[in-house]
Amino acid sequence: MLQQLTERVWYLPHDEPSDRPVLTYIQGDQLSVAVDAGASPAHVREFYTAITDQRLPIPEITILTHWHWDHSFGLCAVNGFTLASKKTAKKLKEMTEWAWTPEAMAARLASGEEIPFCHEQICLEYRRPEWIQIIEPDMTLEGEGTMDIGGVTIRSETCDSPHSRDALLVSTGDVLIIGDAGYEDFYELDCQYDRERLAAFIEKLKGRDEKWLIAGHEKPLLRKDFIAYLETKYKEL
Ligand SMILES: [Zn+2]
Ligand SMILES: [Zn+2]
């Protein structure tokens, strides 16, 4: 069920067993925007049903926070235009060439191109991997971008992050949506934090003024509480 966080921001909560991330909905007077496309067309359908159940319009624009499958594989099923960072688009383009057969997936796992955690989750989400369809976004962003959708202005910013190198942060002024940007790096660092990347990201979050923060796989929380959590992680390194 869609949950309301602020006047303009709603979200479909993350799901633990499937690892489906939070999908955020920003309601403008002229347009509405989704942040992240989710893990599959089935995930998009669940999101859109939850939106229409609240008598809200289906989003006309979908913005991706990073390239990982659980945030991007639903892209082929979303309505309207799609936007991602240049680096996310580059990675998705590369993945459009990948074959999605059990054999090809096993080969990527063996070569280290795919990691066991994501491989297992993808197999849970898709009964047949042949159903996976990866597409590139319609538009890309590098640096900062602003979009007025009526009654709310969305500010987007691309940056490096502790989790992946292609992060895109989305702000509505009172809510900062970061995807998985504050989590460990699963692909490059075997689920570890890099000290410098984490320190830089903490500083970036400290320099913002949103009250709320939505991270990929947990309930929305206060930005200051997420910073405190990351500072504890930093001290443990
Ligand atoms: Zn995720
Ligand atoms: Zn991720």
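Select the seven strands of the open sheet, which follow the order β1-β2-β3-β4-β5-β6-β7 with mixed pairing; two strands pair if DSSP finds at least two bridges between them. Helices (H or I, at least four residues) and strands (E, at least two) are DSSP runs, numbered from the N terminus. At the edges stand β1 (3-4) and β7 (139-141), each with a single partner strand, so one side of each has no neighbour in the sheet.

This is a predicted model, in which local features need pLDDT of at least 70 and side-chain atom pairs count only at pLDDT 80 or more, while totals for chains, interfaces and linings use all residues. Residues are numbered from 1 along each chain as its sequence is written, chains are lettered from A and ligands numbered from 1 in the order in which they are written, and side-chain values use heavy atoms, with hydrogens and water left out.

Next, select β3 (residues 23-27) and β4 (residues 32-35), an antiparallel pair joined by four bridges. Within this pair, Tyr25 has Ala34 of β4 as its bridge partner. Contact here means heavy atoms within 4.5 Å; axes are lines fitted to C-alpha atoms, for helices over the stretch in contact, and angles run from 0 to 180 degrees between N-to-C directions.

Move to Glu125 in helix α5 (residues 116-125). Glu125 is buried, with a relative accessible area of 17%; buried means under 20% relative accessible area (1.4 Å probe, protein chains only). Its side chain makes a polar contact with the side chain of Ser40 at 2.5 Å, a polar contact being a pair of N or O atoms within 3.5 Å, where within protein one must be able to donate a hydrogen and the other to accept it, and residues adjacent in sequence count only if both atoms are side-chain atoms. Not counting residues up to four places away in sequence, Glu125 touches Ser18, Arg20, Ala39, Ser40 and Trp69.

Donors are N, O and S atoms within 2.8 Å of the metal (3.2 Å for Na, K and Ca); water is not among the atoms, so sites may look incomplete. Asp180 bridges this ion and the zinc ion (ligand 1), the two lying 3.6 Å apart. Both His66 and Asp180 are buried.

Conventions: Buried means under 20% relative accessible area, exposed over 50%, partly exposed in between (1.4 Å probe, protein chains only).
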